[in-house]
Amino acid sequence: MKKTELSKYGILCILFTCILFAQLSLAQVETKPIINATLQGVVVDEETQQPIEGVTIQLEAVTHSVKTDEKGRFQFVTGQKLPFTLLLSYVGYEPQRIVINTSPALIKLKRSSEDLDEVVVVGYTTVEKKNLIGSIEKVPLKEVSSIPTGSFDAQLQGKVAGMQVATNTGVPGEALNIRLRGATSINANNNPLYVIDGVFVNSESLQTINSGGKATSPIADLNPSDIEFVEVLKDAEATALYGSRGANGVILITTKRGKNGQSTKVDVNLYSGRAKAAKLWDLTTGEEHALLVNEYNRNIGRPEPFTAVTEGGRGLPSEQQTYDRLSEAFRTAGVHNADIALYGGSDNTAYYLSSGYNKQESILRPISFDRSSFRFNLDQKVNDKIKVGSSNSISRTGRNQGRAGDGPQGGILQAALHTPTYLSPYNEQGVLVGRAGFDNLTLLLDNYDVGSVSLRYIGNLYGEYQLSPSWRFRSTFSVDYNQYDEHEYWNNLLIAGSPDGLATSAIGQATTWINEQTLTYRKKIAGVHTLGLLVGNTLQGSTFSLTSATGRGFATNDFTLISAAANSTSTQDWDKYKLASFFGRVDYAFDDRYLIDFSLRADGSSKFNKGYQWGYFPAVGVAWRLNKEGFLQDLSFINDLKIRSSYGITGNQNGINSFASRQLWSGVNTAYQGLPGIIPEQLANQQLSWEKTAQFNIGLDAALLKNRLSFALNYYYKYTKDGLLTEVLPGTTGFGEYLNNSAEISNKGFELTLNTVNIQNQDFSWSTSLNVARNVNNIEKLAKPMNFGSRDLILFQEGSPMYSFWVYNQLYVDAATGDAVYEDVNGDGQITTDDRQILGSIWPDYFGGLSNNFTYKRFDLQTFLTFSVGNEVYNHNRFFGEAGGARDAARIIFASNLDRWQQPGDITDVPRSDGVNNNNYKDGGGRWLEDGSYLRFRTLSLGYNVGSKVLDRLSISRLRIYAQATNLFTWTKYSGLDPESAANGSPNQQGIDLGTPPQPRSFQLGINLTL
Amino acid sequence: MIRHYFLYIIVLLASSSCSSFLEVDPKDSISGEDVIHDQASAQAALNGAYVALRDYYSVNFQSIAYLSGDNVEWTGSQSQIQEFINHRVNPENSTIAATWNGIYQSVNRANNIIKVLSENDQLGIAENERALILGQAYAIRALSYFDLLRVWGGVPLITEPTARVGENAGVARSSSDETYALILQDLSAAEELLPQATNRFTFTKKTVWALKARFYLYREDWTQAIAFANRLLTDADYELLNPYYSFFKNNVTGTRESVFELYYNANELNPHRGQWQPQTNGGTRQWAPNAALVSLLTTPATGGARSELIARDNQNRWYGNLYYRSPASDPTYIVRIAELYLIRAEASAHTQNFDQAVADLNKVRARALLTPKPTSQNQAEILRAVEDERRLEFAFEAHRWFDLVRTKRAQDVLGISESFRILLPIPYSQILADPVLDQNPGYSF
């Protein structure tokens, strides 16, 4: 039952569709209204007097309803006579019951100032925001979608309390780290689950080409302009229905859709801008470099190399030139975006059609990112009971990639930053040459040819059947398909391609299909009891395949395909796993006052052995809406007050190998003497199973002063058990490691979200939104400490947070000798590895965002700041650039090295220059561990809405012109370019800044146009 | 109507809960035991064992051997490798950990073959084929333990394959004598099983004799060392090529000079080369000949034809040029016939057969286009001449450090003040993983 499983399943689905349509003929019962009287009217916003489109107007006691058109107009043809009683409803406005005596009528709707009636998508169903029990935050993406980044998740930075977005790099479309309420796993994945319109999408890079610890983001395949809003599910009540996928939180993305009864509209968004590094590294001049090298040699009693050429030296320091490579590598980059969307709907059909193009250059040549995307969303009512629909997104993401991380070959920043400034790019013959073991920058930039194209389809097809007013059945089939085509070609002018060219081509394909059924029931009984039920199941299969080929030995640099290579090798990789899940949920509310729900999900994963496959993930949540109580009803300044709490368990198996529990022998195609071989690759762990995270949450939601002040406060405690951990096996076994369930990790913290409307009058409004969060991460159980990162800079050990920095604590530089003095932790009188200690981690004490929105007449102004306080960054660039003169011609020297100790009495923290790998210039020296706190002026945006007189003349319904600055300033003590910069070689290596271009400062002009 | 849907759901649940939905088997690996079950799978497993040998002989083990000696300097930025040159190797050093794991991986792969083939004659493998595969597995294990011993002294002796977690852990270190005993036992088993053939890329009886000659040299059993060296030195299939560089120049492999070398070709690339070649040739030149060696090799009286071992790049920096091929198919030389001449020379000097010693030494010198050493009756002088000769003859092969340790000359020659540093520390990660391992004396943990 391998292949047949899917086809059998497919037959079932077809069967289901057949049943659906068989019922269709029975269900169609229509009543024609008797044409007798006509009622016409216009619905406008009470404050702005602007017409409102899409308001549902229903005659009381009659099922028939109409919707207003784009001018707010509606018309009724009915058998009744005046006066009419009308029921009006529209999202964001208070519903109204009104008696109409005249036709045409002018009806004013009042805005519901806080969106309590707003509907929120929770696991597989929706609830009104006021009745939410879980901790869920909804972010309209509109506010941030014009920030020039590749993926929408980077735009969310600072928008959601408790969601830490580490951007890592200034390269658009590269992977970032998102940590929702901390990190729970060492060897499984810590990324949240991304669900786009119900499709569980892959968020792990398919990149296989080594770009020096950088990976592309698969989330960048999605056009942010297509997103209506994003919901972030944080506590167990909210995530438990996602069971095995929910431990790191869930990000639900709802894309834009047309609305029934909405006239066709066209949205156009355009922007264009320029991005530039706010600052670059400050390097020594050729002369300063030479002086430092001479000083180093004097200090260790060796002859100075920079002496007169006539004496056999390299020339006096004053004779050295300074070659500026950074200006050649960095540029003012262009960022451009254009997207257009067409949407609307008739009574039975709603559609959304869009197309977008985004192109962003990186400030570091020659890296660039572009994305062309297309979306088609459709909802069709077949009749009163049956609705079918589809969401489809196709995108092509192209990238010119560059190795900006570590590794000597092809490293752009190695060539640009790490090459000493005094060395000419030309040799004596006037030929461009690489220096210090790195590529020649000019040759590198001119010949760089590394790139990828990602083709992505994400879509689903659903059918919904309203069995009765209370019962609804829904079935969905979703697909996430990604073809990822990479190539690299290194010609013989580059180190990697020497002596006769090297090319790699790799094509990966990741496919996930999910079938999902849900049956929901919701009924209000006797006016005060609301009961909801949900049962459902999903089946999921994910397959990954990779074929790659490498060729060496090209005739000339003009031939770049592997077919022209003298030697070629190829590999193939294949991986597959399946998940079967069943879930249910019961929720009950008494008088919208006491709320309780219980949910349970069971997940079976093919990654584990029989007996260990199934995991059960329950959750319970309760809430009490205090404002519904009599004793608070008189307090008119309280509009809403809710206490809620939840407890539940979620799981994780993501990111581990699909066959991690088995004993494996793998084949080696070119083992020995051209013959194939087999090798024992992995030891079995029969008992391998789910990592489980229990989470407790307690929170308070309040809306006060006519909803002008609202806040949400959460405290949570998460404890992860059976954590998936790669445990070291004694080498004597012949194996390095195996995967086991043994780590335990806790995260606890609080989150505060505060929204205020400070001023609101006819011409001027000012609102503020602040969120701040703190997470304390701790490794509760870890059998043996584990090191990660270059020079073992990261240490995981019991009792300390994950991603802790393990360094020697430099106390001071002895003013008499110029030697660095380190803390002798074990007091044995010498500085050995025993004296390395944990001095901080990547975790901030608190972090968040602050936005202020102002409107004055037709102008709008937004300011948005993000901050992080108390986190550390290891400035690995300085480790290389502050080695005194000891690295001589092998590395750059940073200007900060000029502060070194030179003579007795000098007070400085840069020791005497006397070598590398010795006391003063230790691997793992704490001197380069810096405070990474920052306050970033993320965006400043000023917009102008063109007046309606002009618009009417142009037949435009809305036109906004804006100017925006992104990353305008960053206040930080960090001495590097960007406190968020990090080489991201492995998930457990974070916060090490090496060879990474900073996030640029950018300016852009744009328009938002609606026709 | 509603009943239809429930029926559908029930059918669906029934079909999906069927546990076979959750059965997915890997394609690029095979799962389970009894993987070695016939001649083809045994041969494939043997090829896999050679891969392990080749892996640890590619960079890590060589780093220890080269950089701990006095020929090669490190130009990379990582201090953990510089530790070998400074002779202050920390237990946390990642190269020693990788080497330890790599060699035991080779041991485990050999153990898998030895276990199945020595215990099971039901596999339908012809006896001569079985002996051929089993003999090579013993030889691979012998060489692996020999290399472990050379770096660390006595080590845990693992002779059974690891089938599941928990096995082959918690085994304490054996003494170096016990380790030597297992090596000899494995060499003898291989000697018995393998045919007396000439194959320069896989183990034969002759390869095992060469290893035995080396073994007895380390054990200072001079008579046996001479006896086993003689077996190859009298074999017409092996000879010193003239001049020196004929054994590696012009892309040759498997020359008559070679007793045993690890095979590479255009599809099986040797990462070794990248460490030596300069950037202009696509390498990193992280291993580079140091000034002393350059001086010895470029001085005609000491370098002779061996000056071809080094070359200069476009920035006038010297680089090692023994591993130079493109694509990187350079063999890793394990035993060359020159070594057997020098083994016999050294052993003869110890057994007072000074004429033989000088004669053998001069054979090696002659093809390096060097003037012969005059006959001498001074044992110390001859031994020093052999030592110096070995330094240059095997300048970029894994000998110098082990030679100096073996002859107890390392402290004098390399200026190591602390005697315990002659043995490298057991990797800290291994002591953490298996607390039963005792650290070598003198190291912090």
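Colleague: What are the helix and strand percentages over residues 328-413 of chain B?
Modeller: This is a predicted model, and in it residues 328-413 of chain B are 63% helix and 6% strand.

Colleague: Which UniProt annotation covers residues 328-413 of chain B?
Modeller: The unreviewed UniProt entry annotates them as "domain: RagB/SusD".

Colleague: Okay, new topic, helix pairs. At what angle do α8 and α9 of chain B pack?
Modeller: Helix α8 (residues 205-218) and helix α9 (residues 222-233) of chain B pack at about 155°, and their axes are 8 Å apart. An angle over 145 degrees counts as roughly antiparallel, so that is how α8(B) and α9(B) run relative to each other.

Colleague: Is the crossing left-handed or right-handed?
Modeller: Left-handed, as α8(B) passes α9(B).

Colleague: And which residues meet there?
Modeller: From α8(B), they include Trp209(B), Ala213(B), Tyr216(B) and Leu217(B). Across from them, α9(B) brings in, among others, Phe228(B), Ala229(B), Arg231(B) and Leu232(B). The residues of this contact divide into nine nonpolar, one polar and three charged.

Colleague: Let's switch to sheets. In what order do β1(B), β30(A) and β31(A) sit?
Modeller: The order is β31(A)-β30(A)-β1(B), in an open sheet with antiparallel pairing. β31 (675-682) of chain A and β1 (29-31) of chain B each have a single partner strand, so one side of each is left without a neighbour in the sheet. From one strand to the next, the twist averages 35°.

Colleague: Which helix packs on that sheet?
Modeller: Helix α2 (residues 39-56) of chain B does, touching β30 and β31 of chain A.

Colleague: How many bridges join β30(A) and β31(A)?
Modeller: Six, with β30 spanning residues 664-672 of chain A. As for who faces whom, Leu664(A) stands opposite Gln682(A) in β31(A).

Colleague: What about the sheet with β2 and β5 of chain A?
Modeller: That is an open, antiparallel sheet of four strands, ordered β3-β2-β5-β6 in chain A. β3 (65-67) and β6 (96-100) are the edge strands, each pairing on one side only. Neighbouring strands are turned by 25° against each other on average, direction ignored.

Colleague: How many bridges between β5(A) and β6(A)?
Modeller: Five, in the antiparallel sense, with β5 covering residues 84-89 of chain A. There, Thr85(A) stands opposite Val99(A) in β6(A).

Conventions. Residues numbered from 1 in each chain as written. Chains lettered and ligands numbered in written order. Predicted model: local features only at pLDDT ≥ 70, side-chain atom pairs only at ≥ 80, totals over all residues. UniProt positions renumbered as here; feature names shortened; annotations may be inferred. Helix = DSSP H or I, 4+ residues; strand = E, 2+ residues; numbered from the N terminus. Pairing = 2+ DSSP bridges. Axes fitted to C-alpha atoms, helices over the stretch in contact; angles between N-to-C directions. Contact = placed C-beta atoms within 7 Å. Parallel < 35°, antiparallel > 145°, perpendicular 65-115°, else oblique. Left-handed = near helix turned anticlockwise from the far one by under 90°. Nonpolar A, V, L, I, M, F, W, Y, C, P; charged D, E, K, R; others polar.
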